[in-house]
Structure formats: structure tokens, C-alpha cells
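Subject: Structure to look at

Hello,

Here is the structure I promised to send you. Please open it and keep it on screen while you read the rest.

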Amino acid sequence: MFFGALFADLSSGLVHWAADTWGDQSWPIVGPTLIRSFREHHVDKDAITRHDFIETNGATALVLLPVILGVHLSLPRDASAWTRLHYQGALFALSVNLFVFMTNQIHKWSHVERPPLFVRLLQSLRVILPATHHQGHHTGRHTSRYCITTGWLNPLLDRIRLFRAFETAIQAISASEPREDDLKLMRSSHSHVEDGAP
């Protein structure tokens, strides 16, 4: 379970960073769904608290269905053919899927003013993302603490500047600018102030 949670945390950080940093809402499929939801979350970080369970977790469940089916089909049908590796692989896959499925819910709980008692207990034990830790992402330009399942990897990834290294490499290869949409918005806002616009 520990390694499943760790892998889910890393996955959440990579997806979160990518959606925050690259592309725009006009991109097919991921634009109006993934990218838009992350960008709007920075404008209204409490909007997620107004989503019901299906709206919060439905898209993730749909993405995970073929993954779970693939794992199921790859395992031997006859239980007697299972090896220790099959059991370990199945447990890892199950724990990854569980934590990935719960990531948006865990993220939502980090924004709820008073989550359920069992959630507060898990947050205080750092089993899932604590609200106080996640608030660090919502300061400045939202360029740190991307992992939103447990948050365990955030100190390490921020310290080694992994996402900045990825951005430098991608920018060098593609000439794309990280957070280009945000920069355009900031420049536009800045020019309005200089022009004396309200």
C-alpha cells in the first residue's frame, strides 16, 4: 500500500504540474476538461468544495476503468497459477488505483473548511494530503507542491527542482513557454494598469 500511495502521489504531481504549466483550454479533450479545471481552481480554489462526489471523482474513475481491466486480464485466471509476483503486482496495482481514484477527493478535502473527523485524523497523521501543506501551492504563482494525494514527495521534488528542470528541457526543445497563458494574462493586466484602465 505504501508504494501504491507513493506512486499515486508522484502521478498526481506530474499531472497537476503538466495541467498548470502547459497548453490552454482550447486543446482538444484535455483542454476543456483537465487544463480548464486546474486553471479555474487557481482563480476560485474553493469551487472544488461545491462539487458532488460524481463531479469530483467521475472523470478519474472513467480513466481508471481500462487500467483496472488491463490488470485483471493480465493476471492468470486459475488461482493455482498465481506466483508471489502476481500477488505483489496485483496488490500494488490495486493500491495505485485506489489512491489515484481518491486523489481528487483528497484534494477536495484539503480545501473543505471542516472535513469529516476520520479525514482530519488521516490528514493529521499525514496519510493523505494535509490542508496546511497544500495551501503552500496556492501562494504566489502556484509553482510548488504539485503532489496532491499524500504530499509526501513535495519537499523532495521542490528541493531538487525537478519540475523546473522539466520546464527548462521542454522549453529548449519546443520553444514553448511554461505558464504562457498565465504570463499573457499578467502582461495584459499590467498593461491595463499602465494605461490607467480600471
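Below is what I found, starting with the whole chain and then going place by place.

**The whole chain**

First, a caution: this is a predicted model. The protein chain has 9 helices and 0 strands. Read along the sequence, the pattern is therefore α-α-α-α-α-α-α-α-α, with "helix" here meaning a DSSP run of at least four residues. The C-alpha trace spans about 75 × 45 × 35 Å along its principal axes.

The chain has 198 residues, and 33% of them count as buried. Its accessible surface is about 12100 Å². Carbon and sulfur atoms supply 67% of that surface.

Now the contacts. Take those with a separation of 6 or more: 58% of them join residues 24 or more positions apart.

The charges come next. There are 18 positive and 18 negative side chains. The centres of the two sets lie 8 Å apart.

**Helix 1**

Helix 1 covers residues 2-21. It has 20 residues. From its first C-alpha to its last it reaches 28 Å, close to the 28 Å expected at 1.5 Å a residue.

Which residues of helix 1 are buried? They are G4, A5, A8, D9, S12, G13, H16, W17, A19, D20 and T21. After the helix comes G23, with a positive phi near 80°.

**Helix 8**

Helix 8 runs over residues 162-174, which makes 13 residues. At 1.5 Å a residue it should span 18 Å. Its end C-alpha atoms are 18 Å apart, so the two values agree.

The buried residues of helix 8 are F163, R164 and E167. They cover an arc of only 100° around the axis, so they sit on the same side of helix 8.

The face turned away from the buried side carries exposed residues: T168, A172 and I173. Just after helix 8, A175 takes a positive phi of about 65°.

**Positive phi in the loops**

Some background first. Most residues other than glycine have a negative phi.

I29 is not a glycine, yet its phi is positive, about 60°. You will find I29 in the loop between helix 1 and helix 2, which is residues 31-43. Is I29 buried or exposed? Its relative accessibility is 70%. Exposed means over 50%, so I29 counts as exposed.

R145 also has a positive phi, near 50°, and is a residue other than glycine. R145 sits in the loop between helix 6 (131-134) and helix 7. Its relative accessible area is 28%, so R145 is partly exposed.

Start with R36, which lies in helix 2. At 32% relative accessibility, R36 counts as partly exposed. Which residues does R36 touch, not counting those up to four places away in sequence? The answer is Q25 and G31. R36 and V127 are 91 residues apart in sequence, and their C-alpha atoms are 28 Å apart in space.

Next is D44, in the loop between helix 2 and helix 3 (53-74). D44 has a relative accessible area of 31%, so D44 is partly exposed. Now go back to D20, one of the buried residues of helix 1. D44 and D20 are 24 residues apart along the chain. Their C-alpha atoms are separated by 14 Å.

E113 has 81% relative accessibility, so E113 counts as exposed.

Best wishes

Note on methods: Residues are numbered from 1 along each chain as its sequence is written. Side-chain values use heavy atoms; hydrogens and water are left out. Helices (H or I, at least four residues) and strands (E, at least two) are DSSP runs, numbered from the N terminus. Buried means under 20% relative accessible area, exposed over 50%, partly exposed in between (1.4 Å probe, protein chains only). Contact means heavy atoms within 4.5 Å. Accessible areas come from the Shrake-Rupley method with a 1.4 Å probe; for residues, only the protein chains shown count as cover. Lys and Arg count as positive and Asp and Glu as negative; His and the chain ends are not counted. The place of a charge is taken as NZ of Lys, CZ of Arg, CG of Asp or CD of Glu. The expected span of a helix is 1.5 Å times one less than its number of residues. The arc is that of the directions from the helix axis to the C-beta atoms.
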